[in-house]
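Subject: Structure handover

Hello,

Here is the structure for you to look over. My notes on what turned up follow below it.

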Amino acid sequence: MINRLTGQLDFQAQALALRSERQRVIASNIANADTPGYVARDFNFSQALRDATASLPRPPASGAASPTASNDLGAPIAGPLLDGGFGRLKPTTDLRYATPAQTNLDSNTVDMDRERAAFADNALKFEASLRFINGSVRTMTDAMKSPNQG
């Protein structure tokens, strides 16, 4: 039962942790926009999320309980991602170098327009993940209320 309840939140928790890490990488790029020789970094979010959620149990297709469902507590939320320390991703997140749109005399590859757009896009999707988690928690608490509580 607990697995089914936490299973609803696991995917969004993994996405939230990855969004946070991506925001940190983009902020680092923006902070080093004037550093000579700095090479902008980023990672493929969809591939990282696919890798992070590969070990999560899949919900049954028909909505019925899976034959392996039990009453154990299961894996902690976002546990595989946060093994590198408090709030830090494991070094398995594959950081890649960003391809510069145009060359620069000081070999800095940070494109501020691209970084600002990526920062705003990632912040918006981070907020969406928070809203999905909030909605899931609200739905679960409403389902657990007795009919007399309204």
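The protein chain has 3 helices and 2 strands. Helices here are DSSP runs of H or I with at least four residues, strands are E runs of at least two, and both are numbered from the N terminus. From the N terminus on, the order is α-β-α-β-α.

Some ground rules. This is a predicted model, where local features need pLDDT of at least 70 and side-chain atom pairs count only at pLDDT 80 or more, while totals for chains, interfaces and linings use all residues. Residues are numbered from 1 along each chain as its sequence is written, and side-chain values use heavy atoms, with hydrogens and water left out.

Overall figures

Of the 150 residues in the protein chain, 27% are buried. Buried means under 20% relative accessible area, exposed means over 50%, and partly exposed is in between (1.4 Å probe, protein chains only). Take contacts between residues at least 6 apart in sequence: 81% of them join residues at least 24 apart. A contact is heavy atoms within 4.5 Å.

Cores

The largest nonpolar core holds 8 residues: Ala-15, Leu-18, Val-25, Phe-43, Phe-45, Ala-48, Leu-49 and Ala-52. Helices α1 (2-31) and α2 (45-52) each give at least two residues to this core. The largest share, 4 residues, is from α2. A second, separate core has 5 residues, among them Ala-33, Ala-40, Ala-98 and Val-110. The term covers buried Ala, Val, Leu, Ile, Met, Phe, Trp, Tyr and Cys residues joined through side-chain atoms within 4.5 Å. In soluble globular proteins, nonpolar side chains tend to be buried together.

Beyond its neighbours within four places in sequence, Ala-15 contacts Phe-45, Leu-49 and Ser-129. Ser-129 is also one of the buried residues of α3. Helix α3 has 33 residues and spans 48 Å from first to last C-alpha, close to the expected 48 Å. That expectation is 1.5 Å times one less than the number of residues.

Rings and charges

The charged end of Arg-19 sits over the ring of Phe-45, 3.6 Å from its centre. Arg-41 does likewise with Tyr-97, its charged end 4.3 Å from the ring centre. The test is NZ of Lys or CZ of Arg within 6 Å of the ring centre and within 35 degrees of the ring normal.

Arg-41 belongs to strand β1 (residues 41-42). Arg-41 is partly exposed, at 24% relative accessibility. Not counting residues up to four places away, Arg-41 touches Val-25, Asn-29, Leu-95, Arg-96, Tyr-97 and Ala-98. Arg-41 and Leu-95 are 54 residues apart in sequence, yet 6.2 Å apart C-alpha to C-alpha.

Two more residues

Ser-107 is not a glycine but has a positive phi of about 65°. Ser-107 lies in the loop between β2 (96-97) and α3 (112-144). Its relative accessible area is 47%, so Ser-107 counts as partly exposed.

Gly-7 is in helix α1, and is partly exposed at 37% relative accessible area. Gly-7 and Leu-56 are 49 residues apart in sequence and 7.9 Å apart in space, C-alpha to C-alpha.

Annotation

UniProt lists residues 9-38 as "domain: Flagellar basal body rod protein N-terminal", in an unreviewed entry. UniProt positions use the numbering used here, feature names are shortened, and annotations may be inferred rather than shown by experiment. In the model, residues 9-38 are 77% helix and 0% strand, with end C-alpha atoms 37 Å apart.

Best wishes
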